[in-house]
Amino acid sequence: RDIGVTGVQTCALPICVQGSRGIRRLQREARIAAQLSHPGLISAIDMGEAGGHWWMAMELVEGPSLARRLASGGRLEESEALTLFLPLCDALQHASERGVVHRDVKPANILLQRPDHPRLVDLGLARVADDPSLTSTGSTLGTPHYISPEQARDPALVDVRSDLWSLVYDHDCSAVVVLCNPSPGVSNVRSEEHTSELQSRQ
């Protein structure tokens with residue numbers, strides 16, 4: 001479909017949604033993406049329905065995810081880490097200034113358009129200051145291995161600091177591991193504290 005956008009490569013993704021709640025969440029994600037314009041974030045161009053199937057048109061990034069890069073190439077060198085993390089911090093700040101908290105920052109949601117140009121994707125769990133409808137009291141949102149302790153306690157109250165935790169904490173891609181090389185004991189203690197936080201909510 002011609003969506004009338006020049007100079008930007010786009011792709012239309014078929015989205016599997018079930019029921020009115022799934023459709024509302026898809027529409028919500030598209031609205032959130034439309035509020036943001038930053039080179040470190042993927043832009044949503046359009047969305048719609050055809051033949052009973054919903055789709056979303058987004059910028060096309062021809063590159064692997066950071067998760068795939070780590071799986072194939074191992075941990076990052078210091079210079080590589082700084083090249084990736086600094087633009088992503090700036091992207092998260094841009095989102096925060098517009099009332100958006102991503103809440104699902106992880107290697108699988110970071111695409112590498114070039115080795116020096118990371119792009120953050122997937123706003124499906126994002127929190128917007130004026131639209132807290134996705135989060136209900138007592139619920140936990142996000143990928144457990146990556147979310148901050150405060151997000152595990154109450155995802156409705158988090159801000160950009162929680163996203164930054166997710167960006168730098170993960171054992172395989174974190175700036176803490178890449179730049180500071182802490183002992184395994186430090187990571188294990190933090191992991192145990194995080195696991196305890198999640199277990200306390202069950």
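Ala50 stands opposite His53 of strand 3. Strand 2 (residues 44–50) and strand 3 (residues 53–59) are paired in the antiparallel sense through six bridges; pairing requires at least two DSSP bridges between the strands. Two residues separate the strands of this hairpin, and Gly51 adopts a positive phi near 60 degrees. Strands (E, at least two residues) and helices (H or I, at least four) are DSSP runs numbered from the N terminus.

## Basis of the model

The model is predicted: local features need pLDDT of at least 70 and side-chain atom pairs pLDDT 80 or more, while totals for chains, interfaces and linings use all residues. Residues are numbered from 1 along each chain as its sequence is written, and side-chain values use heavy atoms, without hydrogens and water.

## Helix 1

Buried residues (under 20% relative accessible area, 1.4 Å probe, protein chains only) in helix 1 are Gly22, Leu26, Arg28, Glu29, Ala30, Ile32 and Ala33.

## Asp104

Asp104 lies in the loop between strand 4 (100–101) and strand 5 (110–114). Its relative accessibility is 9%, so Asp104 counts as buried. Leaving aside residues up to four places away in sequence, Asp104 touches Asn109, Asp122, Leu125, Gly142 and Thr143; contact means heavy atoms within 4.5 Å.

## Confidence

Mean pLDDT (the predictor's confidence in each residue, from 0 to 100) is 76 for the protein, with 69% of residues at 70 or more.

Note on methods
Buried means under 20% relative accessible area, exposed over 50%, partly exposed in between (1.4 Å probe, protein chains only).
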